[in-house]
Amino acid sequence: MAIFKSFNIVDAQSPQSSDVVSNVKDIVSSGMWANGAASLAAFYTSSAQSSSNGDYYLDVYDKDPQSDNTAAVQFSVAYGHFNGSGSLGKVGVAGNRASAAIYRQLTNTLLGPNVSQFTFAGSGNNVTPKYVYAISIARQQLREKMDPGNWELHLSGSSSSIKLIDDSGATTNPQVNQGGRVFNVVSGSIASGIAVLEDGVTATNQPGGAYGLFYPDLGIIVLNGPVVDVSGSIGAVTTTNTLGGNVDKFYALISGSATPTGTTDGAGGKFFKARREEVITSQHYFCRIPNKEFNFSANPTFVTGSQGNFQVASFFKNPKTFITQVGLYNSANELLAIAKLSKPLLKSYSREAIIKVKLDF
Amino acid sequence: MGFLNNTTVTVDAILTKKGRELLAQGTSAFNITKFALADDEVDYRLFDTSHPNGSDYYGAVIESMPLLEAFPDENHVMRYKLVTLPKNTQKMPILSVSPNQGIVFETSTGLGANPETVGGTTSNATDTSYTFILKDQTVASMTVAVAAGSPGTGATTPFFLGDDDAPNSLTLVAKSVTISVIAVSARKSTTLIVVGNNTGATASITIENKVTNNSLAAGNQNTSN
């Protein structure tokens, strides 16, 4: 008589099969944005936020947070300057030096201990620029990491526009540093399903310096300030101790509000396509139910009367039960996990079953 | 030519509240070693032996029914477990609880009411211990009268997580328990569920407490007068 059945747990290295298979890893990718959407075509900011800490960064929503309470932060944009230019304050002068704080925060997070400035691929004057723009994906959208090779961002300024992707498709051995894997941001598109570089120009060959760096494991894209300025005609203010409004200007590039009316080049901002990637670790439990087991039930409707007679007389010597749920227990008989079947599964002396219970962590 | 019925069914499990609690304590605390099966939603009275299409269809009503998704609360799942018994079993284990008519703590006896010992008797099979689940412990107190003999026999119904989750529930594993009166703010009743730890057989009795704070105060006033 038994109501529990122990799993046959065998060491993972053993050739014997085990009822419990541990550490089964599956990579799951999905759309990055709200409700699993792959692309964002409308962008909003909160007026409340822009008046409080908007000098540092702006949260970008999928819906208007002023009128829609389901709006959620999708990503944030920021502007950082090595010396704090474009924001109020300087050494010896009052002011929060917001752009310096952002720049140092990014370098401390993404670069090595003794590296104080971003260095981008390519050649020219802007390989080590003084200022950068950054995009940081919101944690609830990122979950674990961005899917390299599967994002495309359109920036559109007053006179020109660019489509940005990463060069992970052409990188077999990515650089891994303090911020995890690093890829270059290049001009191109993934509209055809694969990454196609604009005019075949790689990051190394980008005149004036590459567009930026992409850190998929952290969900951060750092864009080369002067290069993006030229491409998007941002007009960033990089004067010392001056509030430049550069975060707003960069946001305007993304939201399309900087694009002149009538722009029809197909890259008028308002487009951010991205995927996220998650590793799901599962444990599989094979519940083997032989023909002679679990053929009776403690269900009160299984019996009739007070003597324990079967509700269905033909159950004598031929009982039938219906499995609806599987409970997983520890040795103290505590129920740790529960699985439900989609419909009752008939069990009798002439039937056996194996129910594979998958538990994700 | 049809598709063969696949004998392996794959289902996704969710952690119960207890499972989450143990997982939070570390992987060593979360150690699944066995499984049990249950048929909570099935009513065997729907097994129709007069089905016009023959014996293959006797269980059609049950087999076709959709099932609810799993509840993470341990107290609402795995209530009626499937049992392994000899094939020639003629009668299912029946659990009877003593006292079977329930327990009533009357106003007249007040807090001096004798504690009641509740035990289970399993006929047609043997249970070495029982799980006693007092659904509302603000109605009466419950303590172990005779402890469960063999170590390793735990609760078939899982323990409650704590005051936040089930503030009024109390679960004990024992051969018998003692139910004692406590003062309540208003007349209350609750259910004591008893589960056989070997057979899974269940039974329940009602506990009613009429000893309120007001009745005790009135009693004291009468005495002082």
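How much area is buried between chain A and chain B, and what share of it do carbon and sulfur atoms give? In this predicted model, the area buried between the two chains is about 6900 Å², with carbon and sulfur atoms giving 64% of that figure. On the chain A side, the residues that lose the most area to chain B are A:Met1, A:Ile3 and A:Phe322, which together make up 11% of what that side buries. Counted by residues, the contact draws 71 from chain A and 72 from chain B.

Turning to polar interactions, 33 residue pairs are found in polar contact across the interface of chain A and chain B, both residues of each pair being at pLDDT 80 or more. Several strands of chain A give two or more residues to the side that touches chain B, among them S1 (5-6), S16 (275-289), S20 (320-329), S21 (335-348) and S22 (353-360). Of the contributing elements, S21(A) gives the most, with twelve residues. Sorted by class, this side of chain A holds 41 nonpolar, 19 polar and eleven charged residues.

Charged side chains also meet across the boundary: two salt bridges are found between chain A and chain B. One of the salt bridges across the interface links the side chains of A:Glu334 and B:Lys18, at 3.6 Å from N to O.

Strand pairing brings the chains together as well. S20(A) is joined by five bridges to strand S2 of chain B (residues 34-38), and the two strands run antiparallel. Within this pairing, A:Gln325 has B:Ala38 as its bridge partner in S2(B).

Methods. Residues are numbered from 1 along each chain as its sequence is written. Chains are lettered from A and ligands numbered from 1 in the order in which they are written. This is a predicted model: local features need pLDDT of at least 70, side-chain atom pairs count only at pLDDT 80 or more; totals for chains, interfaces and linings use all residues. Side-chain values use heavy atoms; hydrogens and water are left out. Contact means heavy atoms within 4.5 Å. Buried area is the accessible area (1.4 Å probe) that two parts lose on being put together, summed over both. A salt bridge is a side-chain nitrogen of Lys or Arg within 4 Å of a carboxyl oxygen of Asp or Glu. A polar contact is a pair of N or O atoms within 3.5 Å; within protein, one must be able to donate a hydrogen and the other to accept it, and residues adjacent in sequence count only if both atoms are side-chain atoms. Helices (H or I, at least four residues) and strands (E, at least two) are DSSP runs, numbered from the N terminus. Ala, Val, Leu, Ile, Met, Phe, Trp, Tyr, Cys and Pro count as nonpolar, Asp, Glu, Lys and Arg as charged, and the others, Gly among them, as polar. Two strands pair if DSSP finds at least two bridges between them.
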